[in-house]
Number of protein chains: 4
Amino acid sequence: MPWYTARVTDFRSDNTHGASPEILDALARAASGNVTSYGSDPITERLRERCRDLFECDLEIFPVVTGTAANALAIASMTPPWGAVFCHEDAHIQRDELGAPEFFTNGAKLIPLAGHLGKLTASDVASAVDALAREGRAGVPSCLSLTQATEAGTLYSLDELRALGEVARSRKLGVHMDGARFANAVASLGCAPADLTWRAGVDVLSFGATKNGALAAELLVIFRRDLAAQIAPRWHRGGHRLSKMRFLSAQLEAYLTDDLWLRNARQANARAQEIARIEGLELLRPVEANVVFVRLTAAQIEALGGAGIELYDWPIFGEGAYRIVAGFGTGEDDVKALARAIA
Amino acid sequence: MPWYTARVTDFRSDNTHGASPEILDALARAASGNVTSYGSDPITERLRERCRDLFECDLEIFPVVTGTAANALAIASMTPPWGAVFCHEDAHIQRDELGAPEFFTNGAKLIPLAGHLGKLTASDVASAVDALAREGRAGVPSCLSLTQATEAGTLYSLDELRALGEVARSRKLGVHMDGARFANAVASLGCAPADLTWRAGVDVLSFGATKNGALAAELLVIFRRDLAAQIAPRWHRGGHRLSKMRFLSAQLEAYLTDDLWLRNARQANARAQEIARIEGLELLRPVEANVVFVRLTAAQIEALGGAGIELYDWPIFGEGAYRIVAGFGTGEDDVKALARAIA
Amino acid sequence: MPWYTARVTDFRSDNTHGASPEILDALARAASGNVTSYGSDPITERLRERCRDLFECDLEIFPVVTGTAANALAIASMTPPWGAVFCHEDAHIQRDELGAPEFFTNGAKLIPLAGHLGKLTASDVASAVDALAREGRAGVPSCLSLTQATEAGTLYSLDELRALGEVARSRKLGVHMDGARFANAVASLGCAPADLTWRAGVDVLSFGATKNGALAAELLVIFRRDLAAQIAPRWHRGGHRLSKMRFLSAQLEAYLTDDLWLRNARQANARAQEIARIEGLELLRPVEANVVFVRLTAAQIEALGGAGIELYDWPIFGEGAYRIVAGFGTGEDDVKALARAIA
Amino acid sequence: MPWYTARVTDFRSDNTHGASPEILDALARAASGNVTSYGSDPITERLRERCRDLFECDLEIFPVVTGTAANALAIASMTPPWGAVFCHEDAHIQRDELGAPEFFTNGAKLIPLAGHLGKLTASDVASAVDALAREGRAGVPSCLSLTQATEAGTLYSLDELRALGEVARSRKLGVHMDGARFANAVASLGCAPADLTWRAGVDVLSFGATKNGALAAELLVIFRRDLAAQIAPRWHRGGHRLSKMRFLSAQLEAYLTDDLWLRNARQANARAQEIARIEGLELLRPVEANVVFVRLTAAQIEALGGAGIELYDWPIFGEGAYRIVAGFGTGEDDVKALARAIA
């Protein structure tokens with residue numbers, strides 16, 4: 001007997017899915033025996049090494065349980081209380097975190113910028129930074145926060161990232177990447193993680209795992225090592241330093257073992273492509289990762305409801321807009337059910 | 001082959017232990033199917049109901065992953081930025097959280113008070129509150145934070161708690177209980193949880209599970225319902241509202257099922273009593289829960305090291321002071337090994 | 001011999017002017033004898049009574065030395081750390097205070113809105129508030145901050161204010177008015193101060209005096225008395241509660257005596273009208289208070305420089321835009337010099 | 001006719017006194033003509049130069065209107081949010097500022113230490129810092145804040161200051177001096193200001209003028225120039241950067257002209273010595289500056305009341321304790337009235 005009645009077909013969010021068996025197994029394995037607490041355990045040490053291999057550089061890591069914590073800690077490490085953080089107007093840090101960046105920075109200002117397809121352009125960022133710097137009294141330009149994959153289900157190309165990184169570098173801004181769906185981006189672009197991050201100018205990455213198979217695990221990856229000293233105390237006093245850190249690190253280690261992160265992401269991306277090909281669906285954005293934005297007719301909405309298919313409306317993308325998320329647990333049958341309801 | 005070499009005999013902390021099999025099983029069960037994220041899932045709903053039964057009252061809950069987060073959120077819900085929080089000078093909130101209460105309250109002041117055996121007395125608290133209120137410009141008395149079981153391994157009696165609650169009530173202070181080892185206290189005192197909390201004047205409880213068998217799970221239990229509105233937004237922007245909340249709630253539900261929390265605590269308490277009876281150990285505090293403070297001779301320290309037995313020195317309790325923690329995973333063999341080394 | 005060489009003709013800001021002789025005299029009179037410090041002095045008491053008369057209602061006051069402090073304290077009294085504050089994109093709180101509202105609110109979010117002629121419309125505010133409330137996770141709509149006279153030198157009419165106040169009231173937002181140039185607005189509109197403030201829904205007014213003849217004095221006027229308890233402790237711990245409060249209150253009392261505030265404002269407004277009538281000046285905004293925005297030709301700019309006339313360029317109003325401020329000390333000769341240079 | 005009835009004999013505080021005529025004159029002189037606002041005026045420039053001469057070194061200055069602002073800005077410049085600030089338990093920053101240091105540092109922790117005669121000893125500070133550093137999780141030792149003259153009316157000797165400075169230097173703590181009564185200390189000790197400050201290891205001085213003749217003026221003097229970048233933005237967003245800065249700088253310039261600061265302080269100190277010599281007064285502390293602590297009998301209290309002499313009781317110095325403050329405006333007649341009432 002199941003503990004609860006699972007929804008048959010759920011496209012609401014990556015977060016409505018459960019967890020990968022490999023990650024549950026890792027937790028079970030990690031549970032025996034005594035180890036030093038607060039992060040000085042062998043699993044966390046191995047995780048750090050694995051990240052250094054994966055990203056091909058020296059780096060520091062801070063495991064946390066939410067993307068909100070990862071983003072806010074990252075931004076606070078490079079933004080003084082009087083700093084300004086440039087981001088897309090639809091960024092999670094602006095729309096969904098109830099002021100977490102403002103809280104962790106002790107009052108910095110987010111500067112939300114419009115941008116086609118959920119992306120910022122290097123020239124728009126340059127203009128906005130220069131204008132703010134010229135005024136001088138609204139806030140000190142300090143950080144550029146990019147989301148990859150974006151909240152619009154699109155991807156920055158390597159060239160776009162490099163151009164943005166150069167704008168930031170030339171103006172002495174730190175660069176944060178919100179990678180809640182970083183795995184989906186890497187799986188789709190086929191790039192080396194290093195190319196998409198530090199080689200393009202990213203200083204700190206919020207490397208997401210929760211949306212892609214973990215129970216609750218995100219990894220702050222610090223490429224600019226000096227920033228670690230700014231994160232460690234905030235991590236502790238923010239209540240984000242787990243005593244039994246091994247259980248967080250074990251999730252992340254399993255996530256990075258045998259390419260589980262990429263396998264899950266590829267599967268979700270593939271489902272999204274199948275959804276994009278459903279006839280009769282009006283796509284609102286290019287489908288480049290695992291999230292699909294569509295405009296539904298009244299008839300379609302009714303049919304989906306009748307079929308027990310759940311998804312969220314997305315009014316900020318216009319009248320009749322909906323979001324369809326393919327999670328790591330979304331199956332081909334789910335997509336077929338969707339296609340049937342639409343047809 | 002184990003993933004790491006477990007330490008043979010580890011008395012360093014409750015946090016060096018792994019997790020209870022019942023809790024791991026619950027996670028595995030919770031992992032299938034899709035549910036609404038951010039806390040509107042059936043497991044969290046069941047957990048809330050179970051807590052209402054256990055504490056015999058209406059209440060609200062907020063699951064979090066660390067005691068630091070639980071404590072800081074609780075205190076911030078009843079303390080304005082210019083408020084003063086009275087606590088024992090050895091309290092975790094004062095000594096171990098790197099200013100988490102100050103961060104979440106936006107700058108309140110902790111007033112650490114001395115107190116015999118790790119406990120505050122009603123008369124000392126009354127004096128300190130009245131003195132601060134009389135001065136009027138150091139901080140506004142707002143919150144009393146009590147630790148049960150205390151950091152000295154001792155327990156407040158029901159009468160002591162009620163007297164402290166009355167001091168707080170008469171002076172309009174909120175009362176927070178840091179219950180990182182609340183299970184050990186209930187197991188030892190044999191009281192109803194309600195008697196030890198809201199009936200004695202406690203407004204918010206940090207109900208610990210991590211130290212006693214969970215992977216990472218603490219529960220904020222709000223007895224004064226109006227405080228929930230102060231906690232919810234801080235929980236979110238503090239990065240403590242898990243998207244896959246079910247995995248936090250599942251740990252806590254299993255913890256409260258079939259008295260697992262009490263069984264684990266009773267076992268740890270029993271081990272602590274066995275340790276207290278080891279001949280040749282000089283006890284520094286009465287042993288009332290699962291933590292034992294002793295003074296060791298140089299010969300004993302050497303013997304323990306030779307036997308591979310680990311424990312922390314505790315210099316704030318004096319020259320030669322050490323802390324021996326019996327966790328839920330501490331076995332009779334561990335205690336025997338300790339006894340042998342001492343003898 | 002003067003202490004410094006005064007600039008002959010200075011239209012840069014109201015803040016480059018000195019102080020009214022009446023206010024200096026009041027300071028000299030206030031300087032003798034001993035009085036209770038921190039605001040319990042007879043001058044402050046008289047000032048409070050005078051404000052109650054002027055605004056025709058019960059109210060509370062907090063004198064401060066800067067508009068930034070007044071604005072930030074006002075906003076913090078009605079905005080929780082997770083709140084959202086709606087303001088014009090050119091508002092002083094957004095552009096010029098380096099995050100003072102974010103600091104005093106402990107991390108609230110400003111929502112800058114575009115608006116014709118420096119003004120917000122009721123319908124735009126309603127839409128923005130409703131959109132944010134619907135999303136629910138960016139910030140909790142808490143405060144509407146209006147500037148009267150605006151940063152564009154324009155004025156809200158009584159009807160416009162009432163409509164905005166109604167939008168705020170119906171959505172449970174507090175209303176703050178940044179009245180750095182409130183005197184210029186009252187002088188120009190000829191309304192009762194009560195009509196322009198609490199009768200239109202304003203809860204807290206930053207009543208400016210510094211720009212209009214005081215040395216350094218602004219008055220927080222609290223129409224919603226319950227907010228005073230939120231301001232008093234922030235005023236103290238923000239370092240804004242003067243020990244010798246009488247010297248702040250004396251400036252404000254003199255300001256409100258014999259209509260000095262209106263006389264100074266009327267004079268400045270009259271000069272602005274004279275400037276607006278100078279032939280050959282391209283006006284960028286209607287001139288309704290004491291600030292004039294113009295587009296200057298290269299020849300005009302050169303002529304002004306040659307004549308030793310100073311003013312600030314104002315690039316946010318477009319290419320070639322300049323701001324001409326008529327202060328309380330601006331004389332008819334100053335305007336004539338300006339006219340000569342332009343001609 | 002006076003604006004208010006001055007109290008005949010007022011020993012309550014330095015803050016109940018008015019202002020020196022020289023300072024009022026300077027304000028009147030500063031009031032004419034236009035100058036650049038926000039601190040780029042010639043008076044502020046001259047003040048900076050004068051301070052460099054007085055303190056015999058390069059330095060930066062920030063004028064503010066309260067000691068609370070000066071102290072909090074100074075401490076925030078050298079203390080991260082997770083830092084710990086060591087101070088005497090009777091320090092103004094701990095007892096009287098309603099958490100201003102906690103506000104400006106965004107949540108640092110004050111560590112109040114006991115100390116004979118209102119003074120900290122080098123060895124006590126060293127022990128406290130070392131203990132906190134050893135624990136590692138309560139707060140990071142960051143700042144030592146000393147008060148000169150102390151809240152007990154006593155003075156640190158040069159040797160005591162140097163020893164404290166050396167403790168701070170060796171442990172990498174910044175040193176702040178709360179000099180609300182710095183003038184009284186210099187006047188009494190006859191030392192060079194440089195000897196009492198930077199040569200002894202002080203990094204930032206809150207140089208008080210308000211208690212000693214100004215209307216509202218304190219000067220942050222920054223000896224460690226790199227700290228200025230930490231203060232400037234907090235000064236602005238804290239609402240402490242006056243637009244008409246000249247009126248703050250003019251007070252301070254007059255204060256430092258023709259030794260007004262020392263003349264006023266010497267006079268107050270002399271009055272305090274006269275008070276200390278009144279027969280029948282039981283002194284509770286050595287009288288080394290301008291504040292006298294005494295224990296009064298019931299008969300004496302009654303006599304003082306009958307004579308219209310006002311002073312504050314000081315319960316933290318024990319039963320029957322009172323504080324008698326000789327301000328810059330206290331005359332010989334005032335002391336005689338006091339002596340008569342006591343006799």
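User: How many residues does the contact take from chain A and from chain B?
Analyst: The structure is a predicted model. Every interface residue of chain A, 100%, is also an interface residue in chain B, so the copies meet through the same surface. The contact takes 62 residues from chain A and 62 residues from chain B.

User: What area is buried between chain A and chain B, and what part of it do carbon and sulfur atoms give?
Analyst: The size of an interface is often given as the accessible area lost when the parts come together. For chain A and chain B that area is about 5200 Å², and the part given by carbon and sulfur atoms is 57%.

User: How many salt bridges and how many residue pairs in polar contact are counted between chain A and chain B?
Analyst: A salt bridge here needs a Lys or Arg side-chain nitrogen within 4 Å of a carboxyl oxygen of Asp or Glu. Between chain A and chain B the count is zero salt bridges. For polar contact, with both residues at pLDDT 80 or more, the count is 31 residue pairs.

User: Which helix of chain A supplies the largest share of the side that touches chain B?
Analyst: Several helices of chain A each supply at least two residues of this side, including helix 2 (42-55), helix 3 (67-76), helix 10 (228-237) and helix 11 (246-255). By class, the side has 27 nonpolar, 21 polar and 14 charged residues. The largest share, six residues, comes from helix 1 of chain A.

User: What relation holds between chain A and chain B, and which residue of chain A comes closest to the rotation axis?
Analyst: Chain A is superposed on chain B by a rotation of 180° with 0.0 Å of shift along the axis, at an RMSD of 0.0 Å. That is the relation of a two-fold axis. By C-alpha position, the residue of chain A that comes closest to the axis, at 3.5 Å, is G238(A).

User: Which residue of chain C has the C-alpha nearest the axis that relates chain C to chain A?
Analyst: A rotation of 180° with 0.0 Å of shift along its axis superposes chain C on chain A, with an RMSD of 0.0 Å. The C-alpha of chain C nearest that axis is 2.1 Å from it and belongs to G107(C).

User: Which three residues supply 35% of the area that chain C buries against chain A?
Analyst: The contact takes 20 residues from chain C and 20 residues from chain A. Together the two chains bury about 1700 Å², with 42% of it on carbon and sulfur atoms. The three residues, which supply more than any other three, are L98(C), K109(C) and R137(C).

User: How many salt bridges does the rule find across the interface of chain C and chain A?
Analyst: One salt bridge joins the side chains of R137(A) and D96(C), at 3.3 Å from N to O. Across the interface of chain C and chain A the rule finds six salt bridges.

User: Which element of chain C gives the most to the side that touches chain A?
Analyst: Helix 4 (92-95) and strand 4 (109-113) of chain C each supply at least two residues of this side. With four residues, the element that gives the most is helix 4 of chain C. By class, the side has seven nonpolar, six polar and seven charged residues.

User: How many residues apart are R46(C) and E253(C)?
Analyst: R46(C) and E253(C) form a salt bridge, their closest N and O atoms being 2.8 Å apart. R46(C) is in helix 2 (residues 42-55) and E253(C) in helix 11 (residues 246-255) of chain C, so placed that the pair links distant parts of the chain, 207 residues apart.

User: Which strands of chain D stand at the edges of the open sheet?
Analyst: Four strands of chain D form the sheet in the order 9-10-13-12, with antiparallel pairing. Five bridges join strand 10 (residues 291-295) to strand 13 (residues 321-325) of chain D. The edge strands each have a single partner, so one side of each is left without a neighbour in the sheet; they are strand 9 (282-283) and strand 12 (312-313) of chain D.

User: Where does A149(A) lie?
Analyst: A cis peptide bond joins Q148(A) and A149(A), with omega about -10°. A149(A) lies in the loop between strand 5 (140-147) and helix 7 (158-170) of chain A.

Technical notes
Residues are numbered from 1 along each chain as its sequence is written. Chains are lettered from A and ligands numbered from 1 in the order in which they are written. This is a predicted model: local features need pLDDT of at least 70, side-chain atom pairs count only at pLDDT 80 or more; totals for chains, interfaces and linings use all residues. Side-chain values use heavy atoms; hydrogens and water are left out. Contact means heavy atoms within 4.5 Å. Buried area is the accessible area (1.4 Å probe) that two parts lose on being put together, summed over both. A polar contact is a pair of N or O atoms within 3.5 Å; within protein, one must be able to donate a hydrogen and the other to accept it, and residues adjacent in sequence count only if both atoms are side-chain atoms. Ala, Val, Leu, Ile, Met, Phe, Trp, Tyr, Cys and Pro count as nonpolar, Asp, Glu, Lys and Arg as charged, and the others, Gly among them, as polar. Two strands pair if DSSP finds at least two bridges between them. Copies are superposed by least squares on the C-alpha atoms of residues with pLDDT of at least 70 in both.
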